[in-house]
Amino acid sequence: KPENAACHPAIQPNLETLLKGGNIVFVTHDAEGELQLAQDVPEIRRAWDEAYAKSDDAVMGRCLVTGELDTIARLHPAIKGITGAQPSGALLVSFNNNSFESYGREEAQGLNAPIGNRAAFAYGEALNYMLRVKDYHSLLGSTTLVYWAETAQSAYSDCFAAMLGTNNDMTQNMLDGIMKAIRLGQDIQWKNVPLNSSVPFYILGLTPNTSRLSVRFFLQGTFGDFAANLARHQERLNIIRPSYDTRETLSAYALLKETTRNSDDDDAAKNESAKKHMSKRKSENDGEKKSLTFSDILIRNLLCAILNNTPYPVALLTQTELRIHAEQKINRGKAAIIKAWLLKNGSNPQYKEVIDVQLNEQTTYVPYVLGRLFAVLEKVQQEAYESAGRKINRTIRDHYFGSACTTPGIIFHILIDRINRYYLPKISSEGLRIVRDRQITELMGMIHESYPARLNLQDQGIFQLGYYHQKQKFFTKKEENSNV
């Protein structure tokens, strides 16, 4: 008698909670007299599924997911929580046009991809849950990443997100510890939780497409393999960094930012107000990510290369080079991209000796030496202005950096003549003037042939690495001198 339910002794004390949307769960006694949830009794579950499947328009078929005969889901569950999709949710499976129909199936909506009602319900609930709980998803550009271990423990997802750089929890010590465990074949420790390297792990990339979702990629493997590949990627990115750059590792998002126009450059990071502004923007992570547009293809190819330990996409290097030439400078992020790309993709064996964390003063590889030489020439110009008590507005880098690393045969004769004639004599300190003159002479002495007429894209990257390494060497010496 449902009309008397409110007076039932089991319901009456909880009536207010139930009326607000709470649920009732039925329990039964098993053969031993132990309490058992009704939904865990196989006979009850089977009876429920049979009753649920009975409808006038039910279509039976073999489910693509389970391989079992089941009623085919005509409507699939709406997936909510995908950035850029409709707030009411978007569908993974839906056909609403005759042109999408195949194999003689004239029915629209979900019947062209026959998935059983139970499987559709299960994947919808699981995916919506992971999109509600922050431990299992993050945003990279317009791509929503969903990741989970087969054991469903959130520690695996949390560690993965830290290694990918989407939750800012990874420190260099943690990364070193993970690398050590991987080398020794041990289980990984994450915040005192042991993680089994052999646990299956899954990574899904989704982007919105009007009322539907596009699956950009779906990767399957073991947690240990993905962790090892992420650690190798971070090791390739390792490069000397300025003291004001406090990031211990570079996230995939940080790398993508280097391929597009943005205002957060290293010069702005040097002053305190800019640091505060950047800190505020960092706390508004989602808003920042929406303001920059990355190519979905580049996101997919970059993540697949990182997670599968395969060569990086060519577009990563070409777009980084485009930004360097447009901005006429190179920062830590761009230098790290060049170093990692050449380590993984570069074919020239001489690259190995110059693609290092910091300056290599012994190599005679011409593009690298030219990059170092350009940094020294720029330094001479700056010191000449400082000696005269004048502020320099535009350095030779602002005028010639792009052409110097592209066509050094045209530019360097002009630059060296101008620096030696106009700027070197104006350095007031005789000792410093001698040091800079010796540096220029030594670097020129390493080049035993004429300046190359042109440098290819990879050698341009080597030039820029030499320039970046030499610049950081100047900064390091300045900091050492100021601490004496």
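1. Helices here are DSSP runs of H or I with at least four residues, strands are E runs of at least two, and both are numbered from the N terminus. By that count the chain has 19 helices and ten strands.

2. A quick word on ground rules: this is a predicted model, so local features need pLDDT of at least 70, side-chain atom pairs count only at pLDDT 80 or more, and totals for chains, interfaces and linings use all residues. Residues are numbered from 1 along each chain as its sequence is written, and side-chain values use heavy atoms, with hydrogens and water left out.

3. The chain exposes about 26,000 Å², with carbon and sulfur atoms supplying 50% of it (Shrake-Rupley areas, 1.4 Å probe).

4. Have a look at His233, which sits in helix H6, residues 223-237. His233 counts as buried because its relative accessibility is 3%. Beyond its neighbours within four places in sequence, His233 touches Leu255, Ile306 and Tyr312. The C-alpha atom of Leu307, 74 residues away along the chain, is 8.6 Å from that of His233.

5. Helix H16, residues 396-406, is mostly covered, with eight of its eleven residues buried. Among them are Ile396, Arg397, Asp398 and Phe401; Gly402, Ala404, Cys405 and Thr406 are buried too.

How values were computed: Buried < 20%, exposed > 50% of the residue type's maximum accessible area, 1.4 Å probe, protein only. Contact = heavy atoms within 4.5 Å.
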